Amino acid sequence: MSSEGVSRLWNDHLNHRLFHLIHSNNVPEMLGGIAAIDTLLSVEGPESPEAKKNLFRLYNYLKYCLPWNDMNVMIAASKTLGRIAEIGGSAFGDHFVDYEVPRALQLLSGDKENGRYAAVLILRELARHTPGHFYPYVTLVVEKIWIVLRDIKSVVREGASELLAACLDIVLKREGDKEDVQLPIFNKLYHEAQIGFRTGGGDTVHGSLLAVRELFTHAGSYMRHNFQEAADTILNYRDHKDLLIRRTVIYLIPTLALYWTDAFTDKQLHKAMGHLLSQLKKNEKDLAFEAIGHVASAVGSDMKVFLEPIMANVKDAFTVRGKKGAPSEEAVFHCLAMLAEAVGPNLTKLLHDQLDLMFQCGLTEPFVTALVSISKHIPPLLKTIQERLLDLLSLILSGYNYKPLGAPAAVVRVDLAPTPRDATLVPGTSAAKTPELLTLALNTLSSFDFTGSLSVVNVASPRAHTVLSSLDRRFDRHLAQAENVRSLFVALNDESYQNRDTAVLMIGRLANYNPACVMPSLRKALIQLLTELEYSTVLKSKEESAKLLSSLISASQRLIKPYALPMLKVLLPKARDPAPLVASNVLTCLGELALVGGKEIQDHVPQLMALIIDTLQDPASMGKRDAALTTLGQLCSNTGYVIRPLLDYPQLLDLLGKILKAEPKAPPTVRREALKAMGILGALDPYKRQTKVVDDAHSEPSRPTSVTDVAVALNTTGPTSEEYYQAVVINALLKVLKDPSLIQSHHSVIEAIMAIFKTQGLKSISFLPQ
């Protein structure tokens with residue numbers, strides 16, 4: 001769209017519509033208008049400058065929503081306002097911040113709850129998106145922030161802590177992290193927090209905890225001077241009557257462990273872990289499990305002394321799974337993943353006893369994440385996890401328990417099947433086949449470390465193609481084992497062509513890893529496909545056999561080379577099959593064979609070239625022509641047969657030229673192949689080509705000739721004769737006149753011919769028959 005069109009769109013439609021959406025007083029419409037503004041700010045291209053021109057107008061639209069009586073509207077509007085301030089940059093500059101910050105601080109000190117929350121959101125986004133312009137106001141904002149850090153609404157206090165974090169980031173970036181220098185702003189903030197702890201009251205204490213949290217996470221090394229005091233103060237509130245304060249203490253315990261691990265381990269670890277373990281028996285189980293995991297990540301092997309009580313609680317959590325008050329599986333699995341990383345093999349025995357309960361939970365993202373961490377950091381459990389996970393994936397993908405190759409049919413591992421509560425995972429039920437579950441199973445199959453365990457996929461499964469496609473190159477070294485190769489060759493007889501083609505490509509890859517195992521079966525497969533192609537009476541069977549041969553030759557070139565000539569003798573007659581699809585696929589196969597055979601098939605080049613020329617001259621099948629073009633390039637480039645084709649087959653260059661001229665709207669691939677073939681053939685000396693044409697003309701006495709033939713004129717008179725130039729010009733003009741694609745030039749050609757006859761007079765009589 002042009003810049004004028006974009007401008008009209010904004011002036012006539014967008015601004016009007018956005019104004020009415022934002023001022024509609026209807027929450028969904030207001031949110032829609034804000035989302036539209038946010039999207040317009042992301043537009044790139046010619047429309048982007050127009051959006052920037054309207055930044056101030058969009059900013060005024062959003063001011064209507066700050067404050068508002070719906071928090072979701074205010075949150076969305078504040079985030080978009082921050083983006084506008086960032087995009088505006090120097091265009092808005094200090095004047096914008098100089099206006100907005102005092103206005104927000106005025107709302108901050110007001111008695112309206114929505115106004116205070118709006119002020120917090122505005123200041124937070126300005127601090128995040130325009131830190132340079134906001135820096136002069138940081139001290140003033142931090143002084144005023146206690147108003148909202150002690151607000152009666154917890155959402156306002158949480159927003160204020162985010163604003164404080166943004167302010168501390170600005171200060172730390174400007175002043176730097178100097179352990180021996182205590183910045184006054186940090187000192188004053190910590191002092192106010194201590195006053196809040198002494199004052200008491202749920203809202204005040206919670207605000208002080210939030211302030212201390214931000215000092216730990218955004219004030220660099222400052223809190224090292226006050227670590228023990230702050231840690232003791234925080235843990236003193238672990239049994240506070242206010243639920244929000246108790247939850248905040250649980251959140252803060254991993255923060256303490258991560259901030260100064262050595263000091264925490266020496267002084268607070270046992271007290272903190274005692275509290276977290278006690279919470280696993282109460283209503284904060286999810287938070288406690290997550291916190292234990294993060295503490296373990298921080299302190300590492302020092303968690304060994306707590307493993308037994310932790311795993312006892314994990315077992316209880318799995319036992320009561322699904323009941324009221326049970327912790328979420330996600331929190332438990334997150335905890336196990338971090339514990340495995342922290343203590344490694346120390347968890348082997350305790351965790352081995354819990355694997356059955358874990359697998360009864362079914363396949364979920366947190367479950368897989370936990371298994372990945374456990375198998376990586378606890379090697380003794382890898383084999384067991386591989387077997388059980390393969391069994392679970394096999395149940396989901398194929399409907400059967402996983403059975404190692406060669407195991408008796410009666411051996412079924414029922415101990416790993418899901419319990420009746422997890423019947424949704426039992427094959428045969430509709431719930432077990434959700435796309436999300438199948439996708440997760442396939443992703444797990446492709447990404448999990450099954451080294452030394454993966455044997456075979458169920459090639460008879462209705463979902464065999466999905467399973468086969470998931471076995472990419474990462475599995476090749478495992479699939480190349482003899483028993484797995486045999487199973488893949490079974491898939492070559494599958495009734496689905498898609499499965500057969502996928503199996504062929506996999507076999508071709510595996511031949512590089514284990515040729516001794518692949519070659520015997522590969523020879524049988526070649527014979528089978530050639531036999532089907534030569535003798536089958538079913539058209540579709542011949543077509544699929546030709547396609548599979550092409551794929552097999554392409555995928556296993558080095559191993560196929562010894563059989564190139566015998567295959568060529570079978571394929572050449574089939575390339576003239578009356579069925580166009582069969583013939584085109586055989587031509588493609590011949591091209592792949594030329595790629596493999598190279599100079600060894602030079603004796604058959606005349607037969608192949610005759611076939612290609614005949615196919616290019618046949619307008620009946622575009623598919624055959626396209627295949628012939630590709631094969632021509634492959635044949636000439638891999639046998640070294642270049643330049644000579646233009647002499648041996650003079651019509652070849654004209655055929656390629658006609659393809660380029662006659663089909664300007666042909667698919668790009670056709671024109672590309674024609675140009676590629678011409679490039680491979682190379683450039684021929686014009687004199688040699690003309691001489692060749694003349695020789696051909698003399699070798700065919702029955703062919704009528706005339707002085708208008710350029711080659712004859714060249715042979716009889718030479719370039720110094722006037723008749724030679726007349727013949728060249730007349731011949732060129734007549735070619736244009738005969739070409740229907742150049743009809744727009746026909747009138748000019750006729751005028752040129754008339755001018756030649758008028759100027760040359762009787763010398764032109766010999767050209768009248770033409």
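This is a predicted model: local features need pLDDT of at least 70, side-chain atom pairs count only at pLDDT 80 or more; totals for chains, interfaces and linings use all residues.
Residues are numbered from 1 along each chain as its sequence is written, and side-chain values use heavy atoms, with hydrogens and water left out. Local features need pLDDT of at least 70, side-chain atom pairs count only at pLDDT 80 or more, and totals for chains, interfaces and linings use all residues.

Helices α13 (residues 202–218) and α15 (residues 243–259) have axes that come within 10 Å and cross at roughly 15°. The two helices are therefore roughly parallel to each other (angles under 35 degrees), and the crossing of α13 and α15 is left-handed. On the α13 side, Gly202, Val205, His206, Leu209, Arg213, Phe216 and Thr217 make the contact (heavy atoms within 4.5 Å). From α15, the contributing residues are Leu244, Ile245, Thr248, Val249, Leu252, Thr255, Leu256 and Tyr259. By class, the residues of this contact comprise nine nonpolar, five polar and one charged.

Glu125 belongs to helix α7 (residues 113–129). With a relative accessibility of 4%, Glu125 counts as buried (under 20% relative accessible area, 1.4 Å probe, protein chains only). When neighbours within four places in sequence are left aside, Glu125 is in contact with Ser78, Lys79, Gly82 and Thr130.

Helix α25 (residues 435–447) contains 13 residues. The distance from its first C-alpha to its last is 18 Å, close to the 18 Å expected at 1.5 Å a residue (1.5 Å times one less than its number of residues). Buried positions in α25 are Leu437, Leu438, Leu440, Ala441, Leu442, Thr444, Leu445 and Ser446.

Notes. Axes are lines fitted to C-alpha atoms, for helices over the stretch in contact, and angles run from 0 to 180 degrees between N-to-C directions. Helices (H or I, at least four residues) and strands (E, at least two) are DSSP runs, numbered from the N terminus. Angles under 35 degrees count as roughly parallel, over 145 as roughly antiparallel, 65 to 115 as roughly perpendicular and the rest as oblique. A crossing is left-handed if the near helix is turned anticlockwise from the far one by less than a right angle, and right-handed if clockwise. Ala, Val, Leu, Ile, Met, Phe, Trp, Tyr, Cys and Pro count as nonpolar, Asp, Glu, Lys and Arg as charged, and the others, Gly among them, as polar. Buried means under 20% relative accessible area, exposed over 50%, partly exposed in between (1.4 Å probe, protein chains only).
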